[in-house]
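Q: I have a structure open and I'm new to it. Could you walk me through how to read its features?

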Amino acid sequence: MVPKIHKRGKRTIGLLYYLYGPGKAEEHVDPHLVASWDHAAPDPGRDPQATYKELQQLLDQPLALLTDAQRARPHVWHLSVRNGPSDRILSDAEWGDIARRMVAAAGIDDPDQGAGCRWVAVRHADDHIHILATLAREDGYRPDLDRDAVRVQAEARLLEKELGLRRLKPGDGTAAQRPTSAERHKAARQGRERTAREELRETVRRAVAGAAGEEEFFDRLAAAGLLVRTRIAPSGDLLGYKVALPDDRNAQGEPVFYSGARLAPDLSLPRIRERWSADAKAGAGLESPPPAGPAAPSAARRRTARAAWEALLVVEQGKDAVVAAYVASAGEVLDALAKTSAAPTRRELREAAWAYERASRSHVRAVRGHDQALRQAARDLVHGGPALGRGEDGASTAMAIDMLFFLIVAAAHWHAKKGHAQQAEAAEKAAEHLRAAYRAAAQQPLAALHQRGRRLARPLLRRQSGVVREAIPELAEQVLAEPGWPALAATLADAEAAGHDPAALLAEVSGRRELGTADSLSDVLVWRLRRAADLPADTTGVPSAAAVRDSSTGATPEVERARYRRR
């Protein structure tokens with residue numbers, strides 16, 4: 001159940017015409033009253049003798065008790081209450097009870113407080129009602145509506161439980177503003193998947209991801225095709241900005257601009273500047289990324305995997321203010337990765353970044369600066385350019401997504417522990433999209449490793465089995481029974497051939513982080529080992545000395561198979 005308080009107005013009759021009218025897209029069906037302040041208000045929807053004017057005059061009568069100054073202020077209070085598509089259809093009597101509890105919770109008409117305001121509840125669809133009230137009590141005072149939005153949300157959570165409806169997570173006031181119904185209808189008419197407000201929010205978030213300062217930020221906005229206006233103080237200082245889509249116009253044909261704060265609380269210019277000032281305090285600011293080239297996208301993804309791995313420990317064990325900074329910067333990395341991803345993973349990564357936006361903010365104020373490595377990773381991704389969906393680009397994308405998945409899961413656990421229900425749910429949704437993106441990115445490189453693992457000489461394969469039992473005895477049998485074991489065996493052999501102690505390396509990468517949320521332990525360990533040992537992510541067509549010749553016997557796999565058949 002979603003209650004929404006709309007902008008206050010001055011014309012009671014105008015809102016009545018809308019509520020009883022056909023709607024903007026002929027969506028209003030059988031408009032009628034389900035409740036009112038005195039249980040006897042005229043209903044123009046069901047009573048042919050009742051008129052809108054009659055109802056408006058009754059609602060506005062208490063306004064005569066107010067002073068001229070009070071009457072000049074907007075006095076029409078409007079609340080819509082909507083159920084979800086999976087909820088059952090409520091009866092008129094149930095909606096009437098909901099309306100009475102909502103106006104009581106908001107402070108419009110609470111029987112325990114005596115004289116209240118006049119109001120009506122109109123139903124013109126199965127899934128929602130509208131409540132109209134005039135802000136003048138019967139005793140001549142205006143109602144106390146302090147924190148009315150918070151109170152109606154709390155009442156909605158109680159009603160969901162009592163009526164057996166889908167129970168939503170309680171909010172904390174840090175969410176971005178939802179699109180209005182007018183914005184949604186406009187987007188539908190224009191054939192847009194998302195409203196202009198939502199498109200702008202996504203574009204601005206991508207522009208700020210890893211940006212080193214104002215100049216780069218505004219250059220990115222312009223390069224994305226947005227119309228940008230800035231607000232300058234008389235002193236010449238930049239105070240703020242607002243953006244618009246070139247083809248989003250109002251009735252007068254003018255662009256519809258949104259300030260950063262209207263898109264999301266953390267997209268106002270002062271909040272964005274906090275990231276840049278913290279970068280400067282932490283060091284010399286964000287570094288210039290390496291020169292662009294064919295290897296730049298894969299190199300950026302490997303650095304992203306390293307930054308996510310290091311951030312995971314902080315999110316699991318750090319102080320709240322520092323964790324909040326890492327949680328916020330993880331959103332920048334997701335935005336940058338989605339912006340530069342190849343077709344096989346683009347949609348899922350975009351959805352992951354979109355879902356995680358809600359998880360990037362909470363009432364825990366972030367202490368910026370500690371998260372510089374993640375912001376640098378976002379910057380490297382953007383400057384590295386678009387990645388290919390194959391080869392080292394595709395494999396390093398799988399490595400980065402794998403590390404980010406565990407970071408986002410850790411963020412979800414932190415939010416849940418702090419009681420941030422909406423943020424925890426958003427992070428969990430983002431993790432599911434990352435899981436789907438990972439499957440698409442990892443399929444080809446893991447298949448190549450799997451083939452190399454199946455070609456390992458038997459003594460070498462037995463030795464790698466022993467390495468697993470020595471390094472992770474409690475997980476060994478599960479790992480050895482998984483379909484991904486050959487890929488892990490090939491990776492352990494590659495690490496050994498590169499001069500590493502495979503048992504020590506495996507113990508290190510498995511012991512420092514939890515593995516309980518992994519679909520395949522062997523897959524996760526493959527990427528952790530290849531990152532830690534600095535091995536190529538993609539092994540397609542790359543010969544492995546360890547796979548060709550076993551160091552203990554000097555025998556090739558073909559010779560070993562022949563010996564085995566003779567025995």
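Here is a short chat that goes from the whole chain down to single residues.

Q: Let's begin with the overview. How many helices and strands does the chain have?

A: Keep in mind that this is a predicted model. The chain contains 23 helices and eight strands. Its C-alpha trace spans about 100 × 60 × 40 Å along the principal axes.

Q: What share of the residues counts as buried?

A: Of the 567 residues, 53% count as buried. As for the accessible surface, that comes to about 25,800 Å², and 52% of it belongs to carbon and sulfur atoms.

Q: Okay, on to a helix. What's the general idea there?

A: An α-helix has 3.6 residues a turn, so residues three or four places apart point the same way. For a case here, look at helix H14, which covers residues 372–384. From first C-alpha to last, its 13 residues reach 18 Å, close to the 18 Å expected at 1.5 Å a residue.

Q: Why is H14 described as largely enclosed by the rest of the structure?

A: Because 11 of its 13 residues are buried. Among them are Leu374, Leu381 and Val382, and also charged residues including Arg375, Arg379 and Asp380. Just after the helix comes Gly385, with a positive phi of about 85°.

Q: Now strands. How do I read a sheet?

A: Strands of a sheet pair through backbone hydrogen bonds, either parallel or antiparallel.

Q: How many bridges link S6 and S7?

A: Six, with S7 being residues 238–244. To find your place, look for Ile232, which stands opposite Leu238 in S7.

Q: What about S3: is it mostly covered or mostly open?

A: Mostly covered: S3 (residues 76–82) has six of its seven residues buried. It pairs with S1 (residues 2–5) through four bridges, running antiparallel, and there Ile5 sits opposite Leu79. S3 also pairs with S5 (residues 128–137), again antiparallel, over seven bridges. In that pairing Val76 stands opposite Thr134.

Q: Let's finish with backbone angles. Which residue other than glycine has a positive phi near 50°?

A: That's Asp30, with phi near 50°. You'll find Asp30 in the loop between helix H1 (12–20) and strand S2 (32–36). Its relative accessibility is 40%, so Asp30 counts as partly exposed.

Q: And where does Asp534 lie?

A: Asp534 is in the loop between helices H21 (521–532) and H22 (545–548). Its phi is positive, about 60°, although it is not a glycine.

Q: Is Asp534 buried or exposed?

A: Exposed. The cut-off for that word is over 50% relative accessible area, and Asp534 is at 56%, so it counts as exposed.

Conventions
Residues numbered from 1 in each chain as written. Predicted model: local features only at pLDDT ≥ 70, side-chain atom pairs only at ≥ 80, totals over all residues. Heavy atoms only, no water. Helix = DSSP H or I, 4+ residues; strand = E, 2+ residues; numbered from the N terminus. Buried < 20%, exposed > 50% of the residue type's maximum accessible area, 1.4 Å probe, protein only. Areas by Shrake-Rupley, 256 points an atom, 1.4 Å probe, with all protein chains shown as cover. Expected span 1.5 Å × (residues − 1). Pairing = 2+ DSSP bridges.
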